[in-house]
Amino acid sequence: MQETSQCIRGQCDALVVEVTAPDNSAAEAGLDTGTFVITRTGPTTQALTVNFTIDGTAANEADYQPLDIQAVIPIGASSVNVVVTPLNDATPETNETVIV
């Protein structure tokens with residue numbers, strides 16, 4: 001979790017960004033996606049760009065569709081979804097992980 005402050009016209013509010021995984025299971029079979037949700041507290045009067053890292057045993061662009069290392073929470077919104085879409089291949093694999 002990251003905490004900063006956001007100041008707009010001299011008014012500063014604490015800003016907390018949190019990542020959760022409400023759909024933490026994805027599979028190549030049936031192309032079942034997984035979802036991370038990036039949520040912010042504080043004002044939503046400006047878009048917020050959140051930079052993050054990707055880790056885990058699954059490889060970005062090899063095991064799932066490419067993920068960017070940033071997400072933008074739009075003006076007026078308090079969250080944005082980051083969807084992990086597995087790539088179906090013929091290689092037998094054990095369970096793999098994606099960590100944001």
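Zero helices, six strands: that is the protein on screen. Helices (H or I, at least four residues) and strands (E, at least two) are DSSP runs, numbered from the N terminus. Along the sequence the pattern reads β-β-β-β-β-β.

Some ground rules. This is a predicted model, with local features needing pLDDT of at least 70, side-chain atom pairs counting only at pLDDT 80 or more, and totals for chains, interfaces and linings using all residues. Residues are numbered from 1 along each chain as its sequence is written, and side-chain values use heavy atoms, with hydrogens and water left out.

Confidence next. pLDDT is the predictor's confidence in each residue, from 0 to 100. The average is 86, and 86% of the residues score at least 70. Strand E1, residues 2–8, is the lowest, at a mean of 50. E6 is the highest, at 96.

Now the inside. Of the 100 residues, 26% are buried. Buried means under 20% relative accessible area, exposed over 50%, partly exposed in between (1.4 Å probe, protein chains only).

What does the largest nonpolar core hold? It has 15 residues. A nonpolar core here is a set of buried Ala, Val, Leu, Ile, Met, Phe, Trp, Tyr and Cys residues joined through side-chain atoms within 4.5 Å. Those with the most contacts inside this core are Ile 38, Leu 48, Val 50, Ala 71, Ile 73 and Val 82. Strands E2 (11–23), E3 (34–40), E4 (48–51), E5 (70–73) and E6 (79–84) each supply at least two of its residues. E6 gives the most, with three.

Take Val 50. Leaving out residues up to four places away in sequence, Val 50 touches Val 17, Ile 38, Ile 69, Gln 70, Ala 71 and Ile 73. Contact means heavy atoms within 4.5 Å.

Over to Val 100, in the segment after E6. Buried or partly exposed? Val 100 counts as partly exposed because its relative accessible area is 24%. The C-alpha atoms of Val 100 and Ile 54 are separated by 4.9 Å, though the two are 46 residues apart along the chain.

Contacts overall. Of those between residues at least 6 apart in sequence, 52% join residues at least 24 apart.

Last, the surface. The accessible surface comes to about 6,400 Å², and 50% of that belongs to carbon and sulfur atoms. Areas come from the Shrake-Rupley method with a 1.4 Å probe; for residues, only the protein chains shown count as cover.
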